[in-house]
Amino acid sequence: MKTCFRDATVILHRDDRPVVLEHHSIVVEDALVAALGPAGDIDRLVASAPPDQILDASRHIIVPGLINTHHHLFQSLTRCLQPVQTAPLFEWLTQLYQRWQHLDYETHKLAAQVSIAELLLGGCTTTSDHHYLFPPARDIRLEAVLEAADELGIRIHACRGSMSVGQSKGGLPPDSCAEDEQRVLADCERVLDRFHDPRPGSMRRIDLAPCAPFNVSPELLVDTAMLARQRGVLLHTHAAETLDEERYCLDRFGCRPIEYLRRHHWLGPDVYLAHCVHLNAEEIELLARTRTAVAHCPSSNMRLGSGPPPIRDMLDRGVVVGLGVDGSSSNDGGSLTVEMRQSLLLQRVVRGAGAMTPAEAFSMATRGGAAVLGRPELGNIEPGCPADLVLYRADDIALAGAVAHDPLAALVLCQPPRPDRVLVHGRTVVVDGRLTRVDAGALAERFNTVARRFR
Ligand SMILES: [Zn+2]
């Protein structure tokens with residue numbers, strides 16, 4: 001299948017900077033971008049080798065698919081839950097574990113479908129999912145997430161997460177949610193063997209992801225890091241999210257969270273850390289030097305009152321930073337188009353109007369996310385790369401006037417628009433603002449019935 005998107009405004013990266021190209025066309029052939037250039041040049045190209053279809057994109061802004069570096073897909077089950085609407089992280093978690101321990105395979109898959117549907121409708125084409133909840137008494141397997149991703153057509157880094165320190169051992173989750181560590185490692189091996197696809201452009205990778213210092217033992221951290229490095233896969237965890245976590249680490253381990261991770265071989269170019277809100281200058285330097293990446297989740301950090309992370313300083317020091325929506329119980333929304341705006345506004349609250357440009361926010365959501373997930377083939381539009389494309393309508397009333405001045409800034413600073421069309425790996429998953437592979441209304445209705453059981 002060969003499609004030409006003709007005469008669009010295209011925003012992509014050249015020499016690691018976003019550029020806006022007016023009157024450009026993109027040819028997609030099967031899964032890949034086959035050609036990109038000024039509309040006149042591409043017209044001549046397609047005249048000699050006609051595509052299956054030519055779509056008029058003269059009223060569209062086309063950007064690379066946005067990349068989500070942190071999520072917990074199952075948490076859409078408990079978003080806006082009344083008892084935790086005003087709770088900070090530890091209280092929030094303690095209350096939610098009591099509900100999450102009743103998760104089962106079908107509910108997990110349904111929640112993943114809902115969260116993925118929302119991601120696609122927010123312009124995301126690649127997502128990480130950090131699933132750490134595997135109560136041993138329940139049938140919970142990573143397959144639920146992988147099936148949902150496959151069915152809706154998103155590219156995924158499914159993290160096999162873990163929690164092994166329950167309340168009886170001084171951890172935060174109830175013992176019913178904690179797993180035996182040998183069982184965790186055996187299941188990590190199983191899902192790596194069965195599902196991890198390391199090829200460039202792959203739709204499915206497995207990362208390994210113990211949940212946090214307050215629910216995983218140091219032994220499991222080290223064993224997981226060793227396994228990941230034997231297998232050449234990424235490591236992911238939460239780090240330095242709240243001052244409560246910092247106090248927990250100081251009391252229990254005698255050091256701050258980043259130092260704790262360093263001692264357990266958890267810094268390096270194969271590690272990405274969610275949040276990193278409470279970092280000092282030395283810790284930022286350490287992340288930059290070790291090429292440890294950061295998944296920045298601005299809405300979640302505001303929603304839970306965790307604090308504003310020093311993203312300006314991280315970018316200035318060369319830390320690799322991508323954006324994340326985080327789980328739907330601590331954001332309540334799953335749009336990366338929104339997170340671009342949130343990331344910019346949050347830095348400006350702390351550091352003033354010059355703290356972040358629209359181009360920097362856009363870069364974090366695209367090239368930054370690709371770098372975090374070790375996917376140099378993603379986050380840009382160029383011949384030979386996977387055709388992950390998001391088309392916004394330039395005549396959206398929310399962007400009116402703004403696109404005449406600066407189409408990139410329009411996407412970041414205006415009321416975040418919903419994409420009109422989304423392609424993942426060359427396959428169209430959103431058309432006219434609607435999902436092509438699932439009835440979103442029916443899915444939402446069914447999900448509301450299930451979610452009521454988690455009150
Ligand atoms: Zn998280």
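Throughout this tour, Ala, Val, Leu, Ile, Met, Phe, Trp, Tyr, Cys and Pro count as nonpolar, Asp, Glu, Lys and Arg as charged, and the others, Gly among them, as polar. The model is predicted, so local features need pLDDT of at least 70 and side-chain atom pairs count only at pLDDT 80 or more, while totals for chains, interfaces and linings use all residues. Residues are numbered from 1 along each chain as its sequence is written, and side-chain values use heavy atoms, with hydrogens and water left out.

**Stop 1: the zinc site**

Select the zinc ion together with His-70, His-72, His-238 and Asp-326. These residues are its protein donors, through NE2 of each histidine and OD of Asp-326, at 2.1 to 2.6 Å. Donors here are N, O and S atoms within 2.8 Å of the metal (3.2 Å for Na, K and Ca); water is not among the atoms, so sites may look incomplete. Along the chain, the donors follow the spacing H-x1-H-x165-H-x87-D. His-70 lies in the loop between strand E6 (66–68) and helix H2 (89–100), and His-238 in strand E10 (residues 235–239), so this pair ties together parts that are 168 residues apart in sequence. Helices (H or I, at least four residues) and strands (E, at least two) are DSSP runs, numbered from the N terminus.

Next, display the angles among the four donor atoms. They run from 88 to 176°, and the site is irregular. Four donors count as tetrahedral if all angles lie between 85 and 135 degrees; four count as square planar and six as octahedral if opposite donors are over 155 degrees apart and all others between 65 and 115; anything else is irregular.

Are His-70 and His-238 buried or exposed? His-70 is buried, at 0% relative accessibility, and His-238 is buried as well, at 8%. Buried means under 20% relative accessible area, exposed over 50%, and partly exposed in between (1.4 Å probe, protein chains only).

Remain on Asp-326, which is found in the loop between strand E13 (321–323) and H12. Its phi is near 65°, a positive value in a residue other than glycine. Asp-326 has 3% relative accessibility and counts as buried.

Stop 2: On a 1 Å grid over the protein atoms alone, a cavity is a set of points where a 1.4 Å probe fits but cannot get out, and a pocket is an open set with protein on both sides within 12 Å along at least five of seven lines; lining residues have an atom within 4 Å of a point. By this rule there is one cavity of 30 Å³ or more, and the largest cavity holds about 110 Å³ of space. Grid points are joined across faces, edges and corners, and a volume is the space filled by probe spheres set on the points.

Colour H2 next, as this helix gives the most to the cavity lining, with four residues. By class, the lining comprises eight nonpolar, six polar and two charged residues.

**Stop 3: the largest pocket**

Move to helix H11 (311–317) and helix H13 (358–372), each of which supplies at least two residues of the lining of the largest pocket. The volume of this pocket is about 480 Å³. To centre the view, select Leu-315, Val-321, Ser-363, Arg-367 and Gly-368, the closest to the pocket centre of the 20 lining residues. Which helix gives the most to this lining? H13 does, with eight residues. Nine residues of the lining are nonpolar, four polar and seven charged.

**Stop 4: the second largest pocket**

Select Arg-79, Ala-117, Glu-118, Leu-121 and Arg-418. Of the 18 residues that line the second largest pocket, these are the closest to its centre, and the pocket has a volume of about 340 Å³. Helix H3 (105–121), helix H12 (336–351) and helix H16 (440–451) each supply at least two lining residues; the largest share, five residues, comes from H16. The lining has 11 nonpolar, four polar and three charged residues.

Domain 1 (2–64 + 383–435) and domain 2 (66–372) each provide at least three residues of its lining; the domain bounds come from an automatic or database domain assignment.

**Stop 5**

Select Arg-291, in the loop between helix H9 (281–290) and strand E12 (293–296). Arg-291 has a positive phi of about 60° although it is not a glycine. Most residues other than glycine have a negative phi. At 45% relative accessibility, Arg-291 counts as partly exposed. A distance drawn between the C-alpha atoms of Arg-291 and Gly-268, 23 residues apart along the chain, reads 5.5 Å.

Finally, go to Thr-126 in strand E7 (residues 124–131). Thr-126 is buried, at 0% relative accessibility. Its C-alpha atom is separated by 10.0 Å from that of His-425, 299 residues apart along the chain.
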